Structure formats: structure tokens, C-alpha cells
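Good morning, and thank you for making time for this presentation. I would ask you to keep the sequence and the structure in view while I speak.

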Amino acid sequence: MNKVKSLADLKKMKDQLKSNISLREKSENPEGIVQVKVAMATCGIASGAKDVMDFMVTNLEKRNIDAIVTQTGCMGYCYAEPTIEVTLPGQDPVVYGFVDLKKADEIIEKYIKQGELVDGIIPVNYETIDKK
Amino acid sequence: MKDIALHILDIAQNSISAGSNKIFIEISENPEEDKLILTIIDNGRGMDKEKVLKVTDPWFTTRTTRKVGMGIPLLKHNAEQAGGAFFISSAPGEGTRLTAIFGLSHIDRPPFGDIPGVVSLLAGANPSLDFIYRYSEGEREYIFDTREIKEVLEDVPLSEPAVIRYMKEMLEENLKIFSENPIIPRQTK
């Protein structure tokens with residue numbers, strides 16, 4: 001049986017992680033990071049936002065895309081959950097609605113990799129209830 | 001909410017919005033009393049008496065993007081439906097403490113869900129905050145503490161995907177020890 005992972009093993013990984021980070025910082029401009037925010041309020045979670053976030057974290061790493069995946073609160077698009085906001089370097093954020101794993105995959109392959117817009121964008125001028 | 005892990009993810013979000021920097025999450029299984037107790041304690045700004053009374057009301061929310069707040073009412077409902085109870089206490093400046101008790105063997109008790117995934121996501125998505133997760137079953141316990149991890153990692157951030165993956169696997173493997181060697185509850189008959 002394999003030994004259970006512990007903090008000691010993480011210590012061994014630390015130097016490798018550090019060199020990965022410094023390599024990345026040197027090779028690209030610091031602004032070159034893709035930002036993905038997953039809406040994680042009750043509405044998002046109940047519609048499967050956690051699976052989408054898992055998918056994003058795992059697959060962006062697997063596909064060698066330098067990205068930060070974080071969570072955000074409810075953006076008022078409860079009807080369209082799960083929603084994610086993607087910010088490509090130097091561009092305005094784009095919000096996608098009804099993101100399932102298939103859509104998430106499409107967003108990575110088409111929008112994040114090639115900058116090509118994908119169906120399912122929620123217009124930024126959409127009004128939330130407090131603005132009406 | 002399909003499982004307890006998703007409730008944790010949801011409720012922890014309240015703690016984060018309340019400006020907490022340390023969030024303690026505990027699941028305690030008590031086979032002797034047939035209870036499962038979920039406790040979440042934060043050090044956020046807390047709430048006054050009036051607000052504490054209102055949080056279990058689905059028509060109450062602090063946010064302005066929508067008019068309902070279902071997180072706590074859903075957790076309360078799930079706990080009560082599983083033969084349990086729900087308590088919340090808070091005071092301004094003193095953080096909030098929330099307890100949900102479920103009947104462990106109750107047919108309506110939600111399953112655990114992906115606890116390792118949720119805890120590692122919370123830690124990775126909020127690298128500036130500290131999360132402590134304690135799981136106990138009778139006398140046995142496992143404690144996951146991001147403060148220890150940060151000490152080991154020094155300047156490598158917890159948001160690093162490889163670190164998130166590692167935290168998840170570490171939690172999975174350590175929690176598996178419990179599920180593979182269950183405590184057999186004493187026969188009450």
C-alpha cells in the first residue's frame with residue numbers, strides 16, 4: 001500500500017514548485033495570466049459550479065495554460081448558473097452562463113486558447129434587480 | 001444542495017464575505033449517539049441579534065444582486081429533515097458560529113460529497129485566508145490546517161494548481177483511513 005500523503009512530501013515538492021513559478025515569471029510578461037472567476041453563491045453551487053471549478057483548475061493545468069481560478073459571489077445571473085467570468089490578458093472580462101463541463105471545455109479550447117468568442121455570453125449591460 | 005460538502009462550500013462563502021481570515025470547519029461523527037455534527041466557526045465581523053434571527057428566513061439576504069438568500073435556510077431544512085437541528089450564534093465583532101446536527105443513519109441525511117475537493121478549492125481560491133478542517137469519528141480525528149501548509153510552502157501560493165491538487169489528494173488519502181476502518185456502533189438493543 002502506498003504511504004499516505006503528508007506535509008513532509010509537500011516539503012519535497014516545494015523546490016520543484018518554486019522553480020516552475022520562477023520559470024513562468026521569466027518566460028512571460030506578468031500580465032499574461034488568464035483569470036477565471038467561478039460564481040459560487042448558493043445558486044451557483046446548487047447548479048454545479050463546484051464541478052465546473054474542479055474542471056477548470058484541473059484542465060487549465062493539464063493543458064499548460066497559465067491561469068488563476070478563483071471564486072466570486074453571485075453576480076445576479078442566478079437563472080443562468082453556473083456562470084464564469086473569463087478575463088484574457090489585456091481584455092475586458094466576459095461572462096459565460098449555463099456553463100456545464102462541455103461548455104467549460106469549449107471555453108478553454110476556443111476562447112482561452114484562441115480568443116474566439118463562444119456562445120452563451122451574458123451581456124455586461126444586463127440589469128440586475130437593484131438597478132431597475 | 002445535494003450533499004454536505006456543497007453546504008460547506010456555500011456557508012464558507014458567507015464567512016468569507018463577512019471578512020473572516022480564519023475559518024474553522026468541523027465534521028464530527030458520533031456513531032454512539034447516531035449523530036453527525038457540522039460546525040463552522042469564523043472570525044468575521046459577526047451579526048447583531050436582529051440579523052441572527054433573520055438569517056434563517058429565505059427572504060433575507062445582505063446582497064443587492066438578488067432578493068433571496070437560500071444558503072442557511074437550505075442547510076437548516078436539510079438538518080431538520082434528517083432528524084437534527086440547526087443553531088447559529090453571533091455577535092458584532094466576534095464572528096459567527098454555526099452548528100447543524102443530522103441523524104447519522106437517518107435516511108434523509110445528505111451524503112458527505114466531495115469534502116477533499118471542497119476544502120482544497122476553498123483553500124486554493126482564497127490563498128490569503130486560513131482554513132482548518134477537522135474530521136472526527138469517536139476518538140479518532142484528522143486535522144487539515146492551511147497554516148501548516150503555508151509554513152511548509154513558504155512563498156509558493158496555495159492557489160498554485162499543483163498545490164490545490166496535492167491538498168485534495170492529501171485530504172482524500174487521510175480521510176480514506178476512516179472510511180476503510182469504520183467504527184462499529186455498539187448495539188443499543
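I begin with helix α4 of chain B, where B:I115, B:P116, B:G117, B:V118, B:V119, B:S120, B:L121, B:L122, B:A123, B:G124 and B:A125 are buried. Please bear in mind that this is a predicted model. The helix spans residues 115–125, and eleven of its eleven residues are buried, so that it is mostly covered; a residue counts as buried under 20% relative accessible area. At the N-terminal end of α4(B), the cap is provided by B:D114. One of its side-chain oxygens lies 3.0 Å from the backbone nitrogen of B:G117.

Let me now turn to chain A. Four helices and five strands make up its secondary structure elements, and along the sequence they follow the pattern α-β-α-α-β-β-β-α-β. The chain has 132 residues, of which 44% count as buried. If we consider the contacts in chain A with a separation of 6 or more, 62% of them are accounted for by residues 24 or more positions apart.

Next, a helix pair in chain A. The axes of α3(A), residues 49–62, and α4(A), residues 101–114, come within 9 Å and cross at roughly 40 degrees. The crossing of these two helices is right-handed. Which residues make the contact? From α3(A) they are A:D51, A:V52, A:F55, A:M56, A:N59 and A:L60; from α4(A) they are A:L101, A:A104, A:D105, A:I108 and A:I112. Sorted by class, the contact of α3(A) with α4(A) comprises eight nonpolar residues, one polar residue and two charged residues.

Where does A:E81 lie? This glutamate is in the loop between β2 (67–72) and β3 (84–87) of chain A. Is A:E81 buried or exposed? With a relative accessible area of 6%, A:E81 falls under the 20% cut-off and therefore counts as buried. Its side chain reaches the backbone nitrogen of A:T83 at 3.0 Å. Leaving aside residues up to four places away in sequence, A:E81 touches A:A39, A:C43, A:G44, A:S47 and A:F98.

Thank you for your attention.

Terms used. Residues are numbered from 1 along each chain as its sequence is written. Chains are lettered from A and ligands numbered from 1 in the order in which they are written. This is a predicted model: local features need pLDDT of at least 70, side-chain atom pairs count only at pLDDT 80 or more; totals for chains, interfaces and linings use all residues. Side-chain values use heavy atoms; hydrogens and water are left out. Buried means under 20% relative accessible area, exposed over 50%, partly exposed in between (1.4 Å probe, protein chains only). A polar contact is a pair of N or O atoms within 3.5 Å; within protein, one must be able to donate a hydrogen and the other to accept it, and residues adjacent in sequence count only if both atoms are side-chain atoms. Axes are lines fitted to C-alpha atoms, for helices over the stretch in contact, and angles run from 0 to 180 degrees between N-to-C directions. A crossing is left-handed if the near helix is turned anticlockwise from the far one by less than a right angle, and right-handed if clockwise. Contact means heavy atoms within 4.5 Å. Ala, Val, Leu, Ile, Met, Phe, Trp, Tyr, Cys and Pro count as nonpolar, Asp, Glu, Lys and Arg as charged, and the others, Gly among them, as polar.
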